[in-house]
Amino acid sequence: MKLFIRILIGIGLTLLFIILTVFDIADRTIFYSRAIPNNEIKEFHMFKNIDEEKEAYQRNYSNSKYLFPREVVKKAILYKNQLFISRLTSENLTENEMHQIIDLFNDPTNFDWDETTWSIQESEYILRFFNSKGKEVRKVWVCLEDCGMLESIPFAPTMKFGALSMKGREELPELINEILK
């Protein structure tokens, strides 16, 4: 009887570990559809060449419809993208820090037109933005060390294709380090 109980406990703990791992990975990656609305596909991606696409982005830099974060956010949290401990190492952003991050994301001089060729699993940080009801409305993965890129859902034209410029590569890490102090 004791052996049977030990086996059940072992199986239960193994299942719990698997479930926690799946939820953690789903929480830190994209576990939902990333379908771009048709109107955005037409506005930003239906062009003959890359120059026309860049012009479409530039035309919409100041379009309030596409400015990051696209809706009113009340709270932002910075997470280290690490298995199991990302939520334990999270930092709530102050109102000022949140506005600094949003301003940085809405300044096209912080981004270059380089293609992003990285995977979000490589990101060191995840920024999450929440509305007044506590619902996550925006998510940004930040890869600083090796690539200087970010991925935002949904994107903002000011972020171009997600590659940080030299200015952005200086300002964003400073801001993140300030938040983590």
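**Close-up A. Pro 154 in the loop between β6 and β7.** Pro 154 is found in the loop that links β6 (149-153) and β7 (163-164). The model shown here and in the other views is predicted. Ile 153 and Pro 154 are joined by a cis peptide bond, and omega of this bond is about -5°. Most peptide bonds are trans.

**Close-up B. Lys 160 in the loop between β6 and β7.** The loop between β6 and β7 also holds Lys 160. Lys 160 is not a glycine, yet its phi is positive, at about 50°. Most residues other than glycine have a negative phi. Lys 160 has a relative accessible area of 12%; buried means under 20%, so Lys 160 is buried.

**Close-up C. The cis peptide bond between Phe 68 and Pro 69.** Pro 69 has its place in the loop between α3 (50-59) and β1. The peptide bond joining Phe 68 and Pro 69 is cis, with omega at about 5°.

**Close-up D. Arg 70 in the loop between α3 and β1.** Arg 70 is found in the loop between α3 and β1, the loop in which Pro 69 is also placed. The phi value of Arg 70 is positive, near 75°, and the residue is not a glycine. The relative accessibility of Arg 70 is 22%. Buried means under 20% and exposed over 50%, with partly exposed in between, so Arg 70 counts as partly exposed.

**Close-up E. Strand β1 and its pairing with β4 and β2.** Strand β1 covers residues 75-80 and strand β4 residues 125-130. These two strands run antiparallel and are joined by six bridges. Strand β1 also pairs with strand β2 (residues 91-92); this pairing is antiparallel too, over two bridges.

Close-up F. Glu 170, Glu 171, Glu 174 and Glu 178 form a negative surface patch. Glu 174 lies in helix α5, which covers residues 166-180. The relative accessibility of Glu 174 is 55%; exposed means over 50%, so Glu 174 counts as exposed.

Notes: Residues are numbered from 1 along each chain as its sequence is written. This is a predicted model: local features need pLDDT of at least 70, side-chain atom pairs count only at pLDDT 80 or more; totals for chains, interfaces and linings use all residues. Side-chain values use heavy atoms; hydrogens and water are left out. Patches are made of residues with over 30% relative accessible area and no salt bridge: like charges are joined within 9 Å, nonpolar side chains (Val, Leu, Ile, Met, Phe, Trp, Tyr) within 5 Å. Accessible areas come from the Shrake-Rupley method with a 1.4 Å probe; for residues, only the protein chains shown count as cover. A salt bridge is a side-chain nitrogen of Lys or Arg within 4 Å of a carboxyl oxygen of Asp or Glu. Lys and Arg count as positive and Asp and Glu as negative; His and the chain ends are not counted. The place of a charge is taken as NZ of Lys, CZ of Arg, CG of Asp or CD of Glu. Helices (H or I, at least four residues) and strands (E, at least two) are DSSP runs, numbered from the N terminus. Buried means under 20% relative accessible area, exposed over 50%, partly exposed in between (1.4 Å probe, protein chains only). Two strands pair if DSSP finds at least two bridges between them.
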